[in-house]
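This report is for a reader meeting the structure for the first time.

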Amino acid sequence: MKTEHFKHSLFLKIALILLVGLAFRVFVSCTPPPPITMDYNMAKVVGIDNSGRYMPRFNSVDTMYSDAVAFNLVLYDSAFLYDVFVANNPRGFFAFSKANALSIAENFKPLNKVDQLKIKTLFDIDSDIKAGDDVTGLMLYAGSDFDLYKGLDYAISKLNGEQYEPRGTVQLVFTKPVRNTMAGFRVDITLDNGRQIICFSETFTIITP
C-alpha cells in the first residue's frame, strides 16, 4: 500500500510540475513585448476627403471641396520605410497591419516626441489670409471618425503615444473655406530634442461653390 501511495504521489507531483511549467510558458507567450523604439525623422502630408460628397472618407485625394480641406500628417522612421508604404500599395498606407492567431502584436513608441506643430499656407486662402501666412490656429485635429474636433495639442499627444504601426498619423482639418482654386501647406514639426522636420503637401485642386 505504501508503494502504491508513493507511486500516486510521485505521479501527482510530476503532473503538477508539468502543469505549472506549461501555465508559465503560456503566460510568457501571451505577454506582449515592450514597445519598439522608432525615431521620427521623416514626414508626409496626404490629402484626404472629409466631405462625404464624392469619395469615401480617408481616401487619398488631390481634389477637395473648399469647405472640406483636410489632410493626414504622417510621421515615421525612415528605417521602417518599407513597412510604412507597404511596397508601393497606396491603400496599404492607411490600412491596418495584418495579424493572425500566432502573431505577436507589436507597438512602437517615438524616441523623441513632438513638441510643436506649425503650419503655413502655400497659397492665398482668401482676401485676408495670404500665401506664407501662419494658419496653425485654423487647424484642428479630427480624430478617426470626424465626429469631434479637438485642438492641435491633442494631435501632438496622439503622435507622442504608442502606435500600432511604425508611424504616427493624425487627421487635420482646415476650419475656413478656401476661396481659391488651389491649396497647399507647409508643416514644420519640432521635436523635443530641438530637431525640425519640414514637409510640404502637394498642390490640392479646390472645388469652389
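Tyr 154 has a relative accessibility of 34% and therefore counts as partly exposed, where buried means under 20% relative accessible area, exposed over 50% and partly exposed in between, with a 1.4 Å probe and protein chains only. The model is predicted, so local features need pLDDT of at least 70 and side-chain atom pairs count only at pLDDT 80 or more, while totals for chains, interfaces and linings use all residues. Residues are numbered from 1 along each chain as its sequence is written, and side-chain values use heavy atoms, with hydrogens and water left out.

Lys 150 lies over the face of Tyr 154, at 3.9 Å from the ring centre; a charge sits over a ring if NZ of Lys or CZ of Arg is within 6 Å of the ring centre and within 35 degrees of the ring normal.

The structure holds 4 aromatic pairs. Rings of Phe, Tyr and Trp (its six-membered ring) pair if their centres lie within 6.5 Å, and planes under 30 degrees apart count as stacked, over 60 as edge-to-face and the rest as tilted. Two of these pairs are set out below.

| Pair | Centre distance | Plane angle | Class |
|---|---|---|---|
| Phe 71 and Phe 185 | 5.5 Å | 40° | tilted |
| Tyr 141 and Tyr 154 | 5.4 Å | 45° | tilted |

Tyr 141 belongs to strand β7 (residues 139–141) and Tyr 154 to helix α3 (residues 152–160), so that their pair links distant parts of the chain, 13 residues apart; helices (H or I, at least four residues) and strands (E, at least two) are DSSP runs, numbered from the N terminus. Tyr 141 is buried, at a relative accessible area of 7%.

Because Phe 71 lies in strand β4 (residues 69–76) and Phe 185 in strand β10 (residues 185–191), their pair ties together parts that are 114 residues apart in sequence. Phe 71 is buried at 1% relative accessibility, and Phe 185 is buried too, at 0%. Ring pairs also join Phe 71, Phe 174 and Phe 185 into a cluster.

Within α3, the buried residues are Leu 152, Ala 155, Ile 156, Leu 159 and Asn 160. They lie on the same side of α3, because they cover an arc of only 135° around the axis, the arc being that of the directions from the helix axis to the C-beta atoms.

Elsewhere, 3 strands form an open sheet of mixed pairing in the order β3-β12-β9, where two strands pair if DSSP finds at least two bridges between them. The edge strands, β3 (63–65) and β9 (182–183), each pair on one side only.
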